[in-house]
Protein chains: 2
Amino acid sequence: MAGDATANGPAAPRSNRPHHADSPYQSIGDFLSNTNNFKIIESTLREGEQFANAYFDTETKIKIATALSDFGVEYIELTSPLASEQSRKDCEAICKLGLKSKILTHVRCTMEDAKVAVATGVDGVDVVIGTSKQLREHSHGKDMAYITKTAIEVIEYIKSEGLEVRFSSEDSFRSDLVDLLSLYKAVDAVGVNRVGVADTVGCATPRQVYDLVRTLRGVVSCDIETHFHNDTGCAIANAYAALEAGATHIDTSVLGIGERNGITPLGGLLARMIVGSHEYVTSRYKLHKLKALEDLVAENVEINIPFNNPVTGFCAFSHKAGIHAKAILNSPSTYEIINPADFGMSRYVHFASRLTGWNAIKSRVEQLGLSMTDDQIKEVTQKIKALADIRPLAVDDADSIIRTYHLELQA
Amino acid sequence: MAGDATANGPAAPRSNRPHHADSPYQSIGDFLSNTNNFKIIESTLREGEQFANAYFDTETKIKIATALSDFGVEYIELTSPLASEQSRKDCEAICKLGLKSKILTHVRCTMEDAKVAVATGVDGVDVVIGTSKQLREHSHGKDMAYITKTAIEVIEYIKSEGLEVRFSSEDSFRSDLVDLLSLYKAVDAVGVNRVGVADTVGCATPRQVYDLVRTLRGVVSCDIETHFHNDTGCAIANAYAALEAGATHIDTSVLGIGERNGITPLGGLLARMIVGSHEYVTSRYKLHKLKALEDLVAENVEINIPFNNPVTGFCAFSHKAGIHAKAILNSPSTYEIINPADFGMSRYVHFASRLTGWNAIKSRVEQLGLSMTDDQIKEVTQKIKALADIRPLAVDDADSIIRTYHLELQA
């Protein structure tokens with residue numbers, strides 16, 4: 001990237017104070033909200049394995065699971081042991097690592113699947129069945145009475161083995177609301193640990209999520225897990241809305257990899273959460289390890305980190321327009337809601353474009369150890385903007401103009 | 001990408017019917033909502049020019065403006081003519097193209113800026129001033145009384161010249177609510193065409209957006225424009241919430257490029273909107289041109305299309321897990337909320353991984369023109385999964401296994 005300067009002189013103090021502190025919109029508490037009390041079910045090794053490019057061998061799975069546990073996620077979810085023989089062996093191997101995170105696997109809601117899952121040594125089993133009309137007709141072909149009966153049988157079996165159990169519907173936002181609530185109520189009554197709400201097709205909006213989870217919060221006493229696909233770009237916002245409505249667990253994957261364009265990304269969720277829940281997020285997760293974790297997964301599935309990825313995208317903390325740069329140099333919170341230092345990242349202030357203002361150039365002049373008056377800085381800024389109007393400028397170009405101008409001043 | 005097959009045989013019918021038709025959550029109307037009646041202010045040539053990598057020469061600006069107008073956006077917003085001499089000339093040149101989209105430019109709220117803007121020949125002027133405590137202290141240093149007085153003077157001048165005018169606060173979600181509403185009410189009273197709400201730092205959540213816009217809807221009678229940065233990944237969801245609350249205009253840029261990690265992306269917004277407003281979106285915008293438009297901008301600013309980009313990301317319509325593939329082959333709406341054909345895209349069903357199910361292999365066998373019983377297909381599926389457990393499979397590998405097995409059957 002051309003034309004950047006790390007602004008780390010005295011003009012750009014890097015405070016550790018959360019940037020959001022002054023927001024007038026975060027002062028009113030909310031009884032239902034779990035934005036300061038949530039857990040992450042990290043599904044890179046389950047949902048993420050359904051990503052088009054994903055192929056994780058045993059060694060890679062162990063590396064990723066270990067990195068996730070070190071990062072601090074509460075749960076790691078693995079591909080069903082019934083997917084293939086190697087999937088079963090890998091699941092057993094990861095259970096034996098003794099990681100801090102609890103290990104889950106994710107299977108269809110049948111006794112056969114549940115038995116194989118329990119035998120792997122996992123801490124808990126996530127069972128799932130499609131409940132929408134679409135999936136009931138075109139996938140498994142079962143009715144709601146059959147689904148409820150099977151769910152209860154499977155849940156009671158897994159609990160009898162001493163394991164945690166989650167029961168999730170699939171495609172919850174296209175399921176009949178009354179069917180859905182009846183089913184959740186029935187599984188809650190037999191002591192399921194968590195019910196799951198899943199936007200399997202990525203159609204939900206934040207207000208729909210809030211309404212469904214809030215309604216569900218009044219129907220069940222168990223925990224509520226949520227899973228959001230990103231087809232319409234709302235996976236992070238939906239997760240946030242779910243927590244506001246009383247959900248307790250959020251499914252993520254590193255960079256959001258999963259079926260189609262994926263689910264709520266781990267890093268993006270934490271970018272969202274840190275704004276309002278700075279202490280909670282920084283105390284639970286080793287945010288400085290986010291970039292290495294994302295690089296590990298990106299390399300394995302052969303993708304680039306998206307340019308616009310929250311926090312770790314190459315330009316997440318780049319400031320360019322003159323008025324932005326000026327204010328950032330005075331006080332970073334003017335144009336930054338996240339402190340890059342919380343994630344071990346740093347900010348950049350562009351000073352070599354036609355949009356440059358003289359405050360950014362002043363900062364660069366100081367970084368170069370040169371001495372000029374404000375009027376002189378304004379004059380050299382005009383020279384830089386004039387050249388930047390004709391062609392893209394690299395940082396060296398701008399520095400040359402500054403140094404030449406400074407030399408002329410001496411003469 | 002290895003291991004794909006375009007599933008376009010009779011097993012995967014591609015209906016033009018909107019996929020969302022059965023959603024039980026979209027049947028209740030909403031008095032305030034403009035999700036079926038909104039306009040796009042496309043800011044690739046203003047906000048987008050503030051993207052770290054952006055340098056648009058005159059020819060490129062004209063190419064992008066023309067493509068945006070062909071695509072069908074209602075407004076195109078250009079960089080301030082005061083940014084540089086070339087910016088002013090380019091603004092004049094684009095005004096002279098006679099595009100279908102209205103041309104706007106975006107300037108600070110001062111008479112000096114307004115006069116230069118009006119002289120360029122634009123259809124309207126977007127004026128902006130920071131209203132948060134942070135920006136008032138660290139950017140322009142003015143108080144609310146001064147801001148209101150200047151805003152009225154500038155608005156009346158631009159209107160007297162016969163142009164559209166928008167007045168926006170900056171950093172609206174960290175501004176004092178009473179200050180903000182007083183200011184909007186004052187500019188509405190003098191006949192501003194639109195007021196703008198801007199989440200300049202990307203801190204807003206959908207419920208905050210809904211609340212602020214809904215409140216504002218009761219205070220002003222003019223149109224309401226909204227602008228959302230994506231620092232916490234909520235820019236699309238926030239735009240949707242704004243429309244639900246009565247906003248009329250949404251700012252976008254192609255791929256979301258802008259300051260830091262950018263704003264609401266044009267394609268992502270349309271992915272969100274088409275789910276509930278299929279007829280409105282398909283009648284106004286040439287969705288088949290989205291990919292070419294994104295490629296044009298991506299090439300110019302030297303970025304890759306993010307792997308997870310809604311609609312045009314390489315895996316947006318890829319299906320991999322066995323149960324997903326099976327259902328998709330029966331009926332695409334089971335796992336797709338957006339019909340790829342609406343955007344001139346197509347879907348892929350993976351059939352060469354350890355997560356493959358026999359239904360996907362059956363579809364591939366049919367595509368290859370081979371004849372097998374279901375039991376035979378299940379047997380060859382096991383062979384494919386066994387090899388995929390050991391190493392990544394290319395489509396050729398899977399085809400070879402199928403063909404070899406078929407040959408053995410003949411023998």
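Is R108(A) buried, partly exposed or exposed? I looked it up and found R108(A) partly exposed, with a relative accessible area of 43%. The cut-offs I used are under 20% relative accessible area for buried, over 50% for exposed and partly exposed in between, with a 1.4 Å probe and protein chains only.

**Basis.** I am working on a predicted model, in which local features need pLDDT of at least 70 and side-chain atom pairs count only at pLDDT 80 or more, while totals for chains, interfaces and linings use all residues. Residues are numbered from 1 along each chain as its sequence is written, chains are lettered from A and ligands numbered from 1 in the order in which they are written, and side-chain values use heavy atoms, with hydrogens and water left out.

**Salt bridges.** I counted a salt bridge when a side-chain nitrogen of Lys or Arg was within 4 Å of a carboxyl oxygen of Asp or Glu. Over all chains the count is 52.

I then went back to R108(A), which forms a salt bridge with D113(A), with the closest N and O atoms 2.9 Å apart. D113(A) is buried at 1% relative accessibility.

Next I checked R284(A) and E74(A), whose closest N and O atoms are 2.8 Å apart in a salt bridge. This pair links distant parts of the chain: R284(A) is in helix α10 (residues 278–284) of chain A and E74(A) is in the loop between α1 (58–71) and β3 (75–78), 210 residues apart. Helices (H or I, at least four residues) and strands (E, at least two) are DSSP runs, numbered from the N terminus. R284(A) is partly exposed at 33%, whereas E74(A) is buried at 12%.

In chain B I noted the salt bridge of R88(B) with E92(B), at 2.9 Å between the closest N and O atoms. Both residues lie in helix α2 (residues 85–95) of chain B, 4 residues apart, about one turn of the helix. R88(B) is partly exposed at 23%, and E92(B) is partly exposed at 22%.

I also recorded a network of salt bridges that links K102(A), D126(A), E164(A), R166(A), R194(A) and E225(A).

**Between the chains.** I find 99 residues of chain A in contact with 99 residues of chain B, contact meaning heavy atoms within 4.5 Å. The two chains bury about 8,400 Å² between them, 55% of it on carbon and sulfur atoms. Buried area is the accessible area (1.4 Å probe) that two parts lose on being put together, summed over both. Between chain A and chain B the count is 6 salt bridges. I looked at R207(B) with D30(A), whose side chains meet in a salt bridge at 3.4 Å, N to O. Among the elements of chain A that give two or more residues to the side touching chain B are α2 (85–95), α7 (206–217) and α14 (374–388).

**Core.** Which residues touch the most other members of the largest nonpolar core? Of its 196 residues, I noted I158(A), F167(A), I158(B) and F167(B). Such a core is a set of buried Ala, Val, Leu, Ile, Met, Phe, Trp, Tyr and Cys residues joined through side-chain atoms within 4.5 Å. Leaving aside neighbours within four places in sequence, the contacts of I158(B) include V118(B), L163(B) and E164(B).

**Backbone.** I checked R260 in both chains. R260(A) has a phi near 50°, a positive value in a residue other than glycine, and R260(B) has a phi near 55°. R260(A) lies in the loop between β9 (249–252) and α9 of chain A. R260(A) is buried at 1% relative accessibility.
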